[in-house]
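The report below describes the structure shown here.

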Amino acid sequence: MRRFKVFILIALCLCIPVLVFAAQTGQTKKANSIDELAKMYDVSSCKMCHEKIYNEWAKSLHARSIYGPETSGRTAATLKTTIINGLMEWPHSGVKKPEDVKVEHLMICAKCHLPQLQDATDKVAQEIVKNVYAFTAGDEKAAEQLEKLNINCLVCHNRNAIIHKWADGYPEKDAVYGSKDGAHPAPMYSKLKKGPVQKEAILCGQCHGLGPNFELENPSQCATLYGTYLWAYTAEGGQEKCQDCHMHKSGLGHNMQSYRSKEMQKLAVDFHVEVLPHWWRDGTKMIPQATVKVEIKNRAGHAIPDG
Amino acid sequence: MTGKTKDGKEIFKQSKIYMPIPQQNGRGDRMGRGPYEKSGMLRDTSIPPHKTVHETFDIAFPMEDVKRGDKIEKVIKSGEMTVDVELWYLPYGNKQQDPFLWHKYTKDVKVTTTGK
């Protein structure tokens, strides 16, 4: 009996730090299905008070971050390529067939396309894989299922709103991080907190990245945008933030766009051409020609294009 | 960019590509294609922030051989040309998938056809 009590005590001692950590980090039960994960990150109630913002966001690629552009579903297709040409080809990935794919494997893409996948079990990873394969085989319901997962209000205004967690604390489960402190009249998110980086480029830089993601077992590199922003824009004295152009100057608000949007195209690049027709003389030889001078100015705070 | 004569015949075509050229797994001389295999940069021809790139193209008007007496002379075939310059954003590297035309410039130009 005494041995049993000691065992219980040791078990408790081991559990308490885990429970405290879980409480600090706001960890909850993990989602076991796409529907459960979508429910955990359901933002339909945000629309009740923030309809304009919600509708703007719904037009953005953030709203279909796993599926990709409405017309092509290119992101989902690239997930499949990653499984076939990457995971299944790499001898040490542990993936021999699509059924072997787990959350840790999908994080190569999900780090940015669906960071909340970390709040899900491998069952969800498997469901995503099945739907990706079904979508590429023409199953529209699979596409709809994938479109339930996205970068939404709760990702930027809660889950990923705090980057320096040791300095600023872990995101509170019942808080929405925005521009000021106060009350937030929503049952599940009753607090409004001033987000330390909500207006800063680093908020976007979490995903629109620096290059290889070295924290991954097998680094991937999708975006290098924040790298060029830091080292080629701010390094030259640039002071604007991503939000200044992509939300405010463009007038697009939460419909944050890039190369697909006419507004962003106009803001991003100045294009000027001059043509000079003339005869060029080389000794006795005369050559009629047109000299075309093209000037392209990148007005953005990052390189164009990204990649 | 292209140069075309009045009858629509293309007499000049050239393109420039601006993009980061990622390195496969951060080693060697191969470019990586998918994000899962990119981990470095072989070269970068993308347009840096707040920088201007300048390109110059010289397009020759078409000439033809004409016999004048005993001599064969090169003379201008057409003194008119249409110059088209287009700036495309091709997220998938081709014009078949989601191409975006950002800017387009067209101008009809002429050179004199008489004089010495």
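B:His50 lies in the loop that joins S4 and S5 of chain B. In this predicted model, B:His50 adopts a positive phi of about 60° although it is not a glycine. With a relative accessibility of 42%, B:His50 counts as partly exposed, because that class covers values between the 20% limit for buried and the 50% limit for exposed residues. A further positive phi, near 50°, occurs at B:Asp98, likewise a residue other than glycine. B:Asp98 is placed in the loop between S8 and S9 of chain B.

A backbone feature of another kind is found in chain A. The peptide bond that leads from A:Ile304 to A:Pro305 is cis, with omega near -5°. A:Pro305 belongs to the segment that follows strand S5 (285-298) of chain A.

The size of an interface is often given as the accessible area lost when the parts come together. For chain B and chain A this buried area is about 4600 Å², and carbon and sulfur atoms account for 62% of it. On the side of chain B, the residues that lose the most area to chain A are B:Tyr36, B:Pro49 and B:Trp102, which together make up 18% of what that side buries. The contact draws 51 residues from chain B and 57 residues from chain A.

Between the two chains there are 20 residue pairs in polar contact, both residues being at pLDDT 80 or more. The side of chain B that touches chain A receives at least two residues from each of strand S3 (20-24), strand S4 (38-44), strand S5 (52-60), strand S8 (80-89) and strand S9 (100-110) of chain B. By residue class, that side of chain B divides into 31 nonpolar, ten polar and ten charged residues. The number of salt bridges between chain B and chain A is two; one of them joins the side chains of A:Glu236 and B:Lys51 at 3.7 Å, N to O.

**Domains**

Chain A is divided into domain 1 (2-209) and domain 2 (210-307), whose C-alpha centres lie 31 Å apart. Their contact takes 24 residues from domain 1 of chain A and 23 residues from domain 2 of chain A. The area buried between these two domains is about 1800 Å², of which 57% comes from carbon and sulfur atoms.

For chain B, the assignment gives domain 1 (1-15 + 55-116) and domain 2 (17-47). The centres of these two domains of chain B, taken over C-alpha atoms, are separated by 33 Å.

Two salt bridges are counted between domain 1 and domain 2 of chain A, together with eleven residue pairs in polar contact, both residues at pLDDT 80 or more. Helix H4 (51-58), H6 and H11 of chain A are the elements that give two or more residues to the side of domain 1 that touches domain 2. H11(A) supplies the largest share of that side, five residues. The residues on this side of domain 1 of chain A comprise twelve nonpolar, seven polar and five charged.

| Residue pair | N to O distance |
|---|---|
| A:Glu236 and B:Lys51 | 3.7 Å |
| A:Lys111 and A:Glu215 | 3.0 Å |

**Individual residues of chain A**

A:Asn213 lies in the loop between helix H11 (201-205) and helix H12 (225-233) of chain A. Its relative accessibility is 13%, so A:Asn213 counts as buried. Leaving aside residues up to four places away in sequence, A:Asn213 touches A:Lys111, A:Pro219 and A:Ser220. A:Lys111 also takes part in the salt bridge with A:Glu215.

A:Ser93 is situated in the loop between helix H5 (74-87) and helix H6 (103-113) of chain A, and is buried, with a relative accessible area of 17%. The side chain of A:Ser93 reaches the backbone oxygen of A:Trp90 at 3.3 Å and the backbone nitrogen of A:Val95 at 3.1 Å. Residues up to four places away in sequence not being counted, A:Ser93 touches A:Leu87 and A:His105.

Is A:Lys141 buried or exposed? A:Lys141 is exposed, since its relative accessible area is 65%. A:Lys141 is found in helix H8 (residues 140-146) of chain A. From A:Lys141 to A:Lys173 the separation is 32 residues in sequence and 32 Å in space, C-alpha to C-alpha.

Methods: Residues are numbered from 1 along each chain as its sequence is written. Chains are lettered from A and ligands numbered from 1 in the order in which they are written. This is a predicted model: local features need pLDDT of at least 70, side-chain atom pairs count only at pLDDT 80 or more; totals for chains, interfaces and linings use all residues. Side-chain values use heavy atoms; hydrogens and water are left out. Helices (H or I, at least four residues) and strands (E, at least two) are DSSP runs, numbered from the N terminus. Buried means under 20% relative accessible area, exposed over 50%, partly exposed in between (1.4 Å probe, protein chains only). Domain bounds come from an automatic or database domain assignment. A polar contact is a pair of N or O atoms within 3.5 Å; within protein, one must be able to donate a hydrogen and the other to accept it, and residues adjacent in sequence count only if both atoms are side-chain atoms. Contact means heavy atoms within 4.5 Å. Buried area is the accessible area (1.4 Å probe) that two parts lose on being put together, summed over both. A salt bridge is a side-chain nitrogen of Lys or Arg within 4 Å of a carboxyl oxygen of Asp or Glu. Ala, Val, Leu, Ile, Met, Phe, Trp, Tyr, Cys and Pro count as nonpolar, Asp, Glu, Lys and Arg as charged, and the others, Gly among them, as polar.
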